[in-house]
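Okay, everyone, thanks for coming. Let me put the structure up on the screen and then we can walk through it together.

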Amino acid sequence: MHRFIFLRSKFVSSKSSVSSISLCNHLSNSTNSPDYNSRSSPSKSPAKYYGSTLQRQNLNGSPYFRCFTQNLTFLTSKIGCNWFLSSGYSPNCVSSDGNRSFIRSFSVEPERESIEYDVVIVGAGPAGLSAAIRLKQLCREKGADLSVCVVEKGAEVGAHIISGNVFEPRALDELLPQWKQEQAPISVPVSSDKFWFLTKDRAYSLPSPSDNKGNYVISLSQLVRWMGMKAEEFGVEIYPGFAASEILYGANNSVIGIGTNDMGIAKDCSKKENFQHGVELKGRVTLLAEGCRGSLSEKIIKKYQLREKVNAQHQTYALGIKEVWEIDESKHNPGAVLHTLGWPLDKKTYGGSFLYHMKDRQVSIGLVVALNYRNPYLSPYDEFQKLKHHPAVKPLLEGGTVIQYGARTLNEGGIQSIPYPVFPGGAIIGCSAGFINVPKIKGTHTAMKSGMLAAEAAFGALHEGSSLELYWETLRNSWIWEELYKARNYRPAFEHGLIPGMALSALEHYILKGKSPFTLKHGKPDHEATDIAQLHSPIEYPKPDGVFSFDVPTSLHRSNTNHEHDQPAHLRLRDPNIPELVNLPEYAGPESRYCPARVYEYLPNEESQLKLQINAQNCLHCKACDIKDPKQNIEWTVPEGGGGPGYSVM
């Protein structure tokens, strides 16, 4: 028997990995593993690992199947649905396999369907997929069968994954020790590791604070795609193109799953002809792996006061902006790693750049700007464009071509800012909680390990009757905690400027070696750090030359960003008057500069008064606006599933 989720075909972008399959063909060929993600390397795992513990049955000649196809023909003629399939149970039936039950009914105005799993994971990134794989590994080891679902808002697995990534394989070695033999896209070992301090015209070489021996230069979006295929081989059900928009609560105020947003809602909030209800994905355990500043994770942290529970400080963030270039073969040095501090940022703004040589003549170049910067006239996007004109960087890029562009925020709060990660009914994993090691500039390995630890705790709670609270205990006893504790003072050391930060960091690294008897605190939250405009002078940025520097529309095109135009803006103003009454007169409209996608523009209306226009279709899902808005007036919510960037090599 088979579960299905139905949507109008127009909701799935042309870049989506979900393919439309005839229901009749799918059921008549029910003994084959469904390729519902249309992967280039489809899973070859046994059919039983796709959802139900029941072996698949050929329903071709049954009276139920004939009746069902007649009902389907009638209903599709009435409501105009195309059907997108995943493995599981048939509609119009009640079925149970001991792990989940499923009830569905038809109507011309369909009710929101509900599907039950043992574990629901939000986000198909490194943490979410590591958790899913580890759960299924434990099922095989212990002879259990827990159903695991991963829901992903990107059109395909990896589409929203971006990282300037020098990958430390420690967690992957633990999770999938045979990754080399299984052709993981990890093939470029670090060959050199340099650290520069930049002035406007010079680059001064400094001792590298990081040790990247044994690490690899990778594309994280490609690695995540590979991990998605491995997860499917283990029997994990992955649904890309579905945006988790709400938390579902039970009678005792515990989390019982998530709901995806309705699709086919017009800008005026009316239902379009192709309207479809969202889906409820209910889990005995829900793991939130949304990445940095996850919208559901933030709600959970506030609702259950998870920071207060462990006296954690506020999270602090940075915005990373990145391009992948294809350069001349003679300049390419696979595995070469470069990090910089200093120019183009001023001495009061923390941040730095990176340049990594990947495979196939590709290099990743990017700038990371801490979002506690003070000057409201600063534009991280334009600072990045300036960087590429530095005399130590420009020659490398000369004659090259930009392949892709993207941006994303990252957590920099470290161990001081990690909330209590367990809530009633689930846990927060990966960058939603914030496990980045700032001096290492790495968070993928810690995110993966957190997902594995949460999976082990969830398995124990579901199969062995232990407590999910064990996740917090094992987390604090893991190498994640040891690593982050040693790195805890690096980021707050820069609170008072670049030079004091470098001095304190050198003391921590070379003398105290992470064993200092004190723990520094972070300063103001990022949105409070922004000064009023009158304390600063406007910054005049050079116009892009179209060779090394580019305007925003050109860069956006390279990000493959796309949203359905006729839908409500997913970027919402809590008070629509604040932009014109506060942000513009007091802060000179900083949202028009801190956003790396020109989502926010102040344009004159008919009375020549500047009004804020939100171009939500440009959104890169970086979350900078949700973090940096001075009055916290912008709320980032999920758009229709499948929208946003379409990264492939980021």
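Predicted model: local features only at pLDDT ≥ 70, side-chain atom pairs only at ≥ 80, totals over all residues.

What we have is a chain of 650 residues, and 60% of them count as buried. The secondary structure comes to 18 helices and 27 strands. If you take the contacts with a separation of 6 or more, residues 24 or more positions apart account for 77% of them.

So, on to the inside. The largest nonpolar core has 87 residues, and the ones that touch the most other members are I121, I186, I258, L281, L287, I300 and Y471. Which element gives this core its largest share? That's helix 10, with ten residues. There is also another core lying apart from this one, with 67 residues, and among them you'll find W196, A318, L355 and C619.

Let me zoom in on I258 for a moment. Skip its neighbours within four places in sequence, and I258 still contacts V120, V122 and V151, then A244, E246, I247 and L248, then V279, E280 and L281, and also T286 and L296. Please remember E246 and E280 from that list of I258 contacts, as both turn up again in the salt bridges.

Now back to helix 10, which runs over residues 444-464. Helix 10 packs with helix 12, residues 479-486, at an angle of about 145 degrees, and the axes are 10 Å apart. For the record, that crossing is left-handed. Who meets whom there? On the helix 10 side we have H445, T446, K449, S450 and L453, and on the helix 12 side W479, I480 and E483. Sorted by class, that contact has three nonpolar, three polar and two charged residues.

Okay, salt bridges. Side chains of opposite charge can pair when their charged atoms come close. A search of the whole structure turns up 22 salt bridges, and I've picked a few for today.

Number one on my tour takes us to helix 10 again. E456 forms a salt bridge with R134, with the closest N and O atoms 3.0 Å apart. E456 is in helix 10 and R134 is in helix 3, residues 126-142, so this pair ties together parts that are 322 residues apart in sequence. Are the two partners buried or exposed? A bit of each: R134 is buried, with a relative accessible area of 15%, while E456 counts as partly exposed at 33%.

Next up is K299 with E635, whose side chains meet in a salt bridge at 3.5 Å, N to O. What does this pair hold together? K299 sits in helix 6, residues 295-303, and E635 sits in strand 27, residues 634-636, so the pair ties together parts that are 336 residues apart in sequence. K299 is partly exposed, with a relative accessible area of 40%, and E635 is partly exposed too, with 22%.

And then there's K282 with E280, a salt bridge at 3.7 Å, N to O. E280 is buried at 17% relative accessible area, whereas K282 counts as partly exposed at 25%. This pair belongs to a network of salt bridges that links R112, E246, E280 and K282.

Last topic, the backbone. Where would you look for a cis peptide bond? Go to W343 and P344, which are joined by one, with omega about 10 degrees. P344 is in the loop between strand 18 (336-342) and strand 19 (351-357).

K513 has phi near 50 degrees. You'll find K513 in the loop between helix 14 (498-512) and helix 15 (552-558), and at 54% relative accessibility K513 counts as exposed. R598 isn't a glycine either, and has a positive phi of about 50 degrees. R598 is in the loop between helix 17 (591-594) and strand 25 (600-604), and counts as partly exposed at 36% relative accessibility.

Notes. Residues numbered from 1 in each chain as written. Heavy atoms only, no water. Axes fitted to C-alpha atoms, helices over the stretch in contact; angles between N-to-C directions. Helix = DSSP H or I, 4+ residues; strand = E, 2+ residues; numbered from the N terminus. Left-handed = near helix turned anticlockwise from the far one by under 90°. Contact = heavy atoms within 4.5 Å. Nonpolar A, V, L, I, M, F, W, Y, C, P; charged D, E, K, R; others polar. Core = buried A, V, L, I, M, F, W, Y, C linked by side-chain atoms within 4.5 Å. Buried < 20%, exposed > 50% of the residue type's maximum accessible area, 1.4 Å probe, protein only. Salt bridge = Lys/Arg side-chain N within 4 Å of Asp/Glu carboxyl O.
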